Amino acid sequence: MLRSGFLLAALLPFTPAAGEGAKKPFLGREQVALLEVRQAQPQPSPRAEGPGYSAFRLLVEVKDTLPRAAAAKQFEVTIHHASRLAFAPIEVQNWFPVEPGARVAVAYDGDWPPRPVDLVRVSDGTEPADASWQDCAAFHRVTREGQGPTALAAMIRGGQHRPGATFFRLLDHYDRRLFNDPQVTLACAAYLRDRRAPLAARVQLTRFLGTAGRHDREGNRALAAALVDLVLEANGARLPAGRTDDVLLLLSWNCVAGRDPTDLPDLTDKAREALLALAQDGSALQGGGQLLPLLRWLRGIAPDEVTAGDTGPGRSPESLPQGRAAAPKTPDEASPRNDEDREADPSGRRAWIVWGSLVAVGTLLVLFRYLRRGRA
């Protein structure tokens with residue numbers, strides 16, 4: 001679940017802990033470069049890799065590098081593409097462009113020029129290369145020695161550069177605990193509500209916030225309010241249902257589940273009704289009971305109140321009562337398998353442990369007999 005907390009994350013410095021050594025900032029690599037394809041020449045396939053396999057000899061120009069300058073401004077490299085990855089060799093880079101004039105931002109280690117297999121695209125492909133490069137430059141500035149969460153929060157709020165999806169991807173890989181710093185949490189909440197930032201980048205940020213753990217009261221209120229606005233905006237923009245569901249799940253488990261009502265924002269009746277309608281939608285409930293904390297909050301049910309029809313994953317939201325008292329549970333409903341707040345069923349766990357142990361012992365006995373016969 002998304003509920004694991006990092007309560008001390010706000011006290012951690014921006015730099016790696018003592019003894020860990022310098023951490024490579026760009027997806028675990030030291031350098032980033034903005035490359036542009038100048039020439040592309042198709043090459044005959046050196047091996048019969050199956051249909052859809054192709055090779056290109058490229059002349060690539062280095063437009064910029066961080067933090068050190070490249071040894072050469074141009075280099076040649078052979079890039080392999082394959083439409084069927086089942087037949088593809090290990091060095092295939094389908095993400096590397098082969099059209100003259102196309103650009104890509106990459107991270108790398110080692111000597112220059114790097115081998116194609118050592119290159120990693122820093123973006124997820126949703127941003128233009130120039131925007132990804134600006135994110136790399138901003139991330140490099142904010143992670144230099146002496147910078148900290150205060151500078152990071154100022155960058156997220158929109159300083160010299162408004163961050164995009166690549167910036168948050170680099171930050172998550174570098175140290176996702178930073179998302180739990182109080183200053184950074186409030187800055188991320190402001191970013192989620194800032195419609196000047198691309199909607200796709202704001203939705204993607206929620207994925208990284210979901211791995212950061214739980215936040216303090218002020219941060220939780222701000223983040224929950226921002227997520228409510230974001231999910232309603234994303235629904236109005238008709239984003240794919242899966243992306244809207246991700247925001248709903250983050251709101252339900254990271255911001256609502258197990259929180260005191262004072263940790264949550266006040267909603268207008270219009271926002272509450274719209275959010276409740278989204279949570280009741282079938283596509284949003286594909287995670288089973290994962291939206292129950294959100295549904296309880298929207299219906300005004302206390303977090304610790306157990307109500308009839310509110311147990312077990314997969315129940316329809318219509319079964320949630322409008323604040324009624326809990327009805328007596330049947331023996332089946334009271335079982336560990338159907339209680340929403342259950343711990344794992346210990347009897348079932350013991351059965352699996354016993355069964356696994358028997359299989360392991362049986363395997364060892366067969367192997368022992370086989371070895372004895374071989375020696376004989």
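Predicted model: local features only at pLDDT ≥ 70, side-chain atom pairs only at ≥ 80, totals over all residues.
Local features need pLDDT of at least 70, side-chain atom pairs count only at pLDDT 80 or more, and totals for chains, interfaces and linings use all residues. Residues are numbered from 1 along each chain as its sequence is written, and side-chain values use heavy atoms, with hydrogens and water left out.

**Overall**

The protein chain holds 10 helices and 5 strands; helices (H or I, at least four residues) and strands (E, at least two) are DSSP runs, numbered from the N terminus. Of its 376 residues, 44% count as buried, where buried means under 20% relative accessible area, exposed over 50%, and partly exposed in between (1.4 Å probe, protein chains only). The chain exposes about 20100 Å², and carbon and sulfur atoms supply 53% of that area. Accessible areas come from the Shrake-Rupley method with a 1.4 Å probe; for residues, only the protein chains shown count as cover.

**The sheet**

The 5 strands form an open sheet in the order β3-β2-β1-β4-β5, with antiparallel pairing. β3 (74-82) and β5 (120-121) stand at the edges with a single partner strand each, so one side of each has no neighbour in the sheet. Two strands pair if DSSP finds at least two bridges between them.

| Pair | Bridges | Sense |
|---|---|---|
| β2 (residues 53-66) and β3 | 9 bridges | antiparallel |
| β1 (residues 31-43) and β4 | 6 bridges | antiparallel |
| β4 and β5 | 2 bridges | antiparallel |

Individual partners can be named: Glu-61 has Gln-74 in β3 as its bridge partner, Leu-35 stands opposite Val-104 in β4, and Val-106 stands opposite Arg-121 in β5. Strand β4 (residues 103-108) is mostly covered, with 5 of its 6 residues buried.

**Helix α3**

Helix α3 (residues 165-175) is also mostly covered: 9 of its 11 residues are buried. Among them are Phe-167, Phe-168, Leu-170, Leu-171 and Tyr-174, together with Asp-172 and Asp-175. The cover over these buried residues includes α1 (129-142), α2 (149-156), α4 (182-193) and α5 (199-209).

**A surface patch**

Leu-364, Leu-367 and Leu-371 form a nonpolar patch on the surface, with about 300 Å² of accessible area together. Patches of this kind are made of residues with over 30% relative accessible area and no salt bridge, with nonpolar side chains (Val, Leu, Ile, Met, Phe, Trp, Tyr) joined within 5 Å and like charges within 9 Å. A salt bridge is a side-chain nitrogen of Lys or Arg within 4 Å of a carboxyl oxygen of Asp or Glu. Leu-364 lies in helix α10 (residues 346-375) and is exposed, with a relative accessible area of 56%.

Technical notes: Contact = heavy atoms within 4.5 Å.
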